[in-house]
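Student: I'd like to learn how to read a model like this one, feature by feature. Could we begin with the metal site?

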Amino acid sequence: MATAKLTFWGAAGQVTGSMHLLEAAGARVLLDAGLFQGRRAESAALNRNLPFDPRRIDAIVVSHAHIDHIGRLPLLVRHGYHGPIYATPASRDLTAVMLPDAAKIQEKDAEFLARRGKKGPESDPLYNLADAIAVQDLIVGLPYRRIHYLRKNLAFEYTDAGHILGSASVDLRVTEGGNHRIVFSGDIGRFGLPIIRDPDPPTGPIDTLIVESTYGNRDHEAISGAAQRLAEIVRRVAGRGGKVFIPAFALGRAQEMVYALHELYRAGLIPEIKMYVDSPLAVETTTVFRMHPEVFDRREQMLEHSDVILDFPLLRYIRAAEDSKRLNLQVGPAVIIAASGMVESGRILHHLAHGIGDPKNCVLFVGFQAEHTLGRRILEGARQVKIFGDLYDVRAEVESLQGYSAHADRKELRTWVKMLGGPIRRAFVVHGEAEPAAAMVGILKEEGVGEVVVPQMGQSFDL
Ligand SMILES: [Zn+2]
């Protein structure tokens with residue numbers, strides 16, 4: 001009889017919707033419950049149709065608080081899930097701001113569809129604010145490196161994944177019907193990034209590894225090089241009186257960019273110009289950052305400065321919509337950081353509608369732009385783009401800096417695998433499009449992993 005069974009219900013052959021079902025020691029445990037994102041109709045159907053009865057799940061273990069890893073928690077609760085949801089303390093607090101925001105987006109999307117005359121179950125919101133808040137009652141905070149027993153013969157602990165605040169890898173031990181160790185990487189971060197600590201993976205022999213592969217086939221530029229280029233871009237655009245628009249995820253990238261700009265300002269490498277973080281969600285997540293210096297890198301130094309690290313005199317955080325609109329009327333130079341990171345929604349759209357036609361301005365991408373997003377089209381050189389139904393000429397400069405990515409690149413993924421130590425009996429490659437996943441298979445084979453599989457959606461394996 002097999003010790004355990006694993007079924008892949010998301011992030012299989014793609015980057016979003018992370019969700020894997022582990023059945024072991026008499027328990028059914030979900031690893032992550034993420035939302036599918038990307039093409040609207042396709043992901044809406046995937047999100048709506050749960051492949052199992054949530055009432056029959058015993059526990060949920062989440063790796064980190066990005067929406068593609070937690071965004072279906074309210075849906076599971078809405079459909080009867082009432083067991084514990086484990087998260088690190090920082091992830092727990094981030095979840096408390098991320099999920100209500102996700103619920104508001106669901107409700108707004110539903111209103112939009114209703115206005116277009118699309119009524120019916122397909123246009124109902126996936127969940128509402130009450131569902132998002134109900135999740136919080138079930139969350140159990142568990143710090144890194146503390147063993148927790150889900151059953152007599154099933155335990156797990158978190159280790160730091162180094163990806164965003166509170167992000168974790170999950171190290172599970174099954175001790176029924178033989179010993180079996182399962183490691184789930186979560187999203188793996190970078191080495192040497194500010195604020196967040198470096199990845200600290202579990203070590204020793206592993207029977208089953210579930211590992212992400214977002215950038216399995218690409219190398220990022222060094223962070224030092226990225227800082228230099230960021231300074232150059234800000235100086236150049238400020239010199240001609242323009243604005244730098246930085247589309248950024250409210251959680252992670254926004255804080256890294258503030259930190260980077262603060263450092264450049266202190267070093268005298270950028271001029272004294274106005275800077276704004278224009279996102280209520282970024283304001284909330286920044287508050288959670290300030291609450292958790294215990295997981296910061298270079299702890300002593302950070303603790304001393306934790307109140308000022310994400311604040312400096314030139315920077316303003318903007319919450320109210322009226323203040324955000326006023327920014328559009330203001331003349332440059334300025335730096336404006338606003339969500340969403342892939343320019344699919346949020347205040348960045350208003351800023352670009354006002355400023356993308358002005359050659360003095362610059363749109364600066366600092367994160368992954370998925371296929372079929374407006375960010376990807378601008379990045380690939382579209383001459384005209386549609387924003388809120390109107391066409392705009394793209395005359396602003398377009399730049400991209402990948403040095404601030406929160407994901408390990410090809411080299412760092414290999415470093416992470418080496419740090420596990422091994423031997424690794426079998427690995428499942430998830431959370432990557434086809435090419436990066438195939439590249440990750442190569443890396444794992446070169447590192448001596450016995451068997452490597454890229455699972456398909458819904459595929460089950462006996463462990
Ligand atoms: Zn992530």
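Tutor: Gladly. Donors are N, O and S atoms within 2.8 Å of the metal (3.2 Å for Na, K and Ca), and water is not among the atoms, so sites may look incomplete. Keep in mind that this is a predicted model, in which local features need pLDDT of at least 70, side-chain atom pairs count only at pLDDT 80 or more, and totals for chains, interfaces and linings use all residues. Residues are numbered from 1 along each chain as its sequence is written, and side-chain values use heavy atoms, with hydrogens and water left out.

Student: Which spacing do the donors of the zinc ion follow along the chain?

Tutor: The pattern is H-x1-H-x96-H-x23-D. The coordinating residues are His64 (NE2), His66 (ND1), His163 (NE2) and Asp187 (OD), at 2.2 to 2.4 Å.

Student: Are histidine 163 and aspartate 187 buried or exposed?

Tutor: Buried means under 20% relative accessible area, exposed over 50%, and partly exposed in between, using a 1.4 Å probe and protein chains only. Histidine 163 is buried because its relative accessibility is 2%, and aspartate 187 is buried at 1%.

Student: What is the geometry of the site of the zinc ion?

Tutor: Four donors count as tetrahedral if all angles lie between 85 and 135 degrees; four count as square planar and six as octahedral if opposite donors are over 155 degrees apart and all others between 65 and 115; anything else is irregular. For reference, the ideal angle for four tetrahedral donors is 109.5 degrees. Here the four donor atoms of the zinc ion make angles of 90 to 168°, and the site is irregular.

Student: Let's turn to strands. Which way do the side chains of E10 point?

Tutor: In a regular strand, side chains alternate between the two faces of the sheet. In E10, His180, Ile182 and Phe184 point one way while Arg181 and Val183 point the other way, and all are buried. With five of its five residues buried, E10 is therefore largely enclosed by the rest of the structure.

Student: How many bridges join E9 to E10?

Tutor: Two strands pair if DSSP finds at least two bridges between them. E9 and E10 are joined by five bridges and run antiparallel, with leucine 172 opposite isoleucine 182 of E10. Their hairpin has five residues between the strands, and glycine 177 takes a positive phi near 65° there. On to E11: E10 pairs with E11 in the parallel sense over three bridges, and phenylalanine 184 has isoleucine 210 as its bridge partner in E11.

Student: In what sense do E11 and E20 pair?

Tutor: They pair in the parallel sense, over seven bridges, and threonine 208 stands opposite arginine 426 in E20. Arginine 426 also stands opposite glutamate 451 in E21. E20 and strand E21 (residues 451-453) run parallel, joined by three bridges. The chain passes from E20 through H14 to E21 in a right-handed β-α-β crossover. Right-handed here describes a path from the first strand over the helix to the second that runs clockwise, with the strands pointing away from the viewer.

Student: What is the phi of histidine 431?

Tutor: Histidine 431 has a positive phi of about 55° although it is not a glycine. It is found in the loop between strand E20 (421-430) and helix H14 (434-446). Alanine 11 likewise has a positive phi, near 45°, and counts as buried at 0% relative accessibility.

Student: And where does tyrosine 404 lie?

Tutor: Tyrosine 404 lies in the loop between strand E19 (397-400) and helix H13 (410-420), and is buried with a relative accessible area of 4%. Contact means heavy atoms within 4.5 Å. Beyond its neighbours within four places in sequence, tyrosine 404 is in contact with residues including Arg190, Ala227 and Met257.

Key:
Helices (H or I, at least four residues) and strands (E, at least two) are DSSP runs, numbered from the N terminus.
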